[in-house]
Amino acid sequence: MNKIVFAGKNADGERQNKYLEIIISGDAVVVAPPYCEYRAEGADFLRVYIEQPVTPLKEVVYFTDGDGMIRHAATAAKEFLKQEKSEAVLQALGNLLVSYVCFYADRKKFSPVVELVRQDIAKNLSNPAYALDDYLKNLPLNYDYVRKLFQKETGATPRAYLENARMELASNIISSGVTNKYSNYSVSQVAEACGFAEPLYFSRVFKKHFGVSPTEYKQ
């Protein structure tokens with residue numbers, strides 16, 4: 001699922017029906033789900049085809065990649081497709097791209113305050129000192145009202161949403177095979193990258209989410 005099968009410039013429209021297609025032109029992004037009637041002619045666009053996408057998208061969506069994250073991931077996929085034994089990285093990049101697409105596509109569906117909290121959480125995923133409750137209490141709105149509204153619109157409390165996002169980040173880091181300068185990241189390094197000050201606590205949370213320890217997940 002979410003496997004990248006192509007990334008590059010290509011005008012072949014026949015492939016579009018079968019895959020989720022991400023089309024990038026400057027900072028504009030068009031995403032076409034499988035078996036839709038959308039066609040983007042021309043070979044000057046950076047495209048990514050993703051097989052068996054896990055996404056709720058049912059129609060074409062348009063948005064702006066203002067921070068360039070989608071283009072960056074798509075460009076990385078283009079390079080890894082040229083290399084052997086890159087399946088794990090391509091899988092992780094596919095998961096990342098689909099997550100970006102879902103985030104940007106859903107962003108307009110949230111009320112301004114919920115979107116503000118989501119953005120602050122996204123900025124602090126790797127920050128172990130992040131005090132989410134303090135941030136919520138400093139908003140110019142009632143704390144309980146914000147929590148209830150956030151849960152209503154996202155399906156999770158702010159704390160659970162943060163934990164889920166950190167676990168998704170951990171999964172992407174481990175499954176991608178990303179390394180530091182010398183070797184694969186240790187559990188402690190993954191924990192730190194995902195905003196956990198204590199590796200043991202990180203391991204407990206990870207096992208609760210995925211049913212296995214980070215070391216077992218890596219294998």
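# Briefing: a chain of five strands and nine helices

The chain has nine helices and five strands, where helices (H or I, at least four residues) and strands (E, at least two) are DSSP runs numbered from the N terminus. This is a predicted model, in which local features need pLDDT of at least 70 and side-chain atom pairs count only at pLDDT 80 or more, while totals for chains, interfaces and linings use all residues. Residues are numbered from 1 along each chain as its sequence is written, and side-chain values use heavy atoms, with hydrogens and water left out. Read along the sequence, the elements follow the pattern β-β-β-β-β-α-α-α-α-α-α-α-α-α.

**The chain as a whole**

- Of the 219 residues in the chain, 40% are buried; buried means under 20% relative accessible area, exposed means over 50%, and partly exposed lies in between, with a 1.4 Å probe and protein chains only.
- The chain exposes about 12,400 Å², of which carbon and sulfur atoms supply 52%; accessible areas come from the Shrake-Rupley method with a 1.4 Å probe, and for residues only the protein chains shown count as cover.
- Among the contacts in the chain with a separation of 6 or more, 67% are between residues 24 or more positions apart, a contact being heavy atoms within 4.5 Å.

- Five strands form an open sheet in the order 1-4-2-3-5, with antiparallel pairing; two strands pair if DSSP finds at least two bridges between them.
- Strand 1 and strand 5 are the edge strands, since each pairs on one side only.
- From one strand to the next, the twist averages 15°, with axes taken as lines fitted to C-alpha atoms (for helices over the stretch in contact) and angles running from 0 to 180 degrees between N-to-C directions.

**Strand 4 and its partners**

- Strand 4 is mostly covered, as five of its six residues are buried.
- Strand 1 and strand 4 pair in the antiparallel sense over six bridges; within strand 4, V48 is the bridge partner of A7, and I50 is the bridge partner of I4.
- Strand 2 also runs antiparallel to strand 4, joined to it by five bridges, and E21 stands opposite Y49 in strand 4.

**Strand 3 and its partners**

- Strand 3 (residues 28-32) is likewise mostly covered, with four of its five residues buried.
- Strand 2 (residues 20-25) pairs with strand 3 in the antiparallel sense over five bridges, and I22 stands opposite V31 in strand 3.
- The hairpin of strand 2 and strand 3 has two residues between the strands, and in this hairpin G26 takes a positive phi near 65°.
- Strand 3 and strand 5 (residues 61-64) pair in the antiparallel sense over four bridges, and here V30 stands opposite Y62 in strand 5.

**Backbone angles outside the strands**

- Most residues other than glycine have a negative phi, and most peptide bonds are trans.
- N2, a residue other than glycine, has a positive phi near 55° and is found in the segment before strand 1 (3-9); N2 is buried, with a relative accessible area of 7%.
- Q52 is not a glycine either, yet its phi is positive at about 50°; Q52 is found in the loop between strand 4 (46-51) and strand 5, and it counts as exposed because its relative accessibility is 54%.

**Helix 1**

- Helix 1 (residues 69-80) has 12 residues and reaches 17 Å from its first C-alpha to its last, close to the 16 Å expected at 1.5 Å a residue; the expected span is 1.5 Å times one less than the number of residues.
- In helix 1, I70, A73, A74 and A77 are buried.
- Seen down the axis of helix 1, its buried residues fall within an arc of 100°, so they line one face of the helix; the arc is that of the directions from the helix axis to the C-beta atoms.

**S175 in helix 6**

- S175 lies in helix 6 (residues 158-176), where it counts as partly exposed because its relative accessibility is 23%.
- Not counting residues up to four places away in sequence, S175 touches A88, A92 and Y217.
- S175 and E87 are 88 residues apart in sequence, while their C-alpha atoms are 9.9 Å apart in space.
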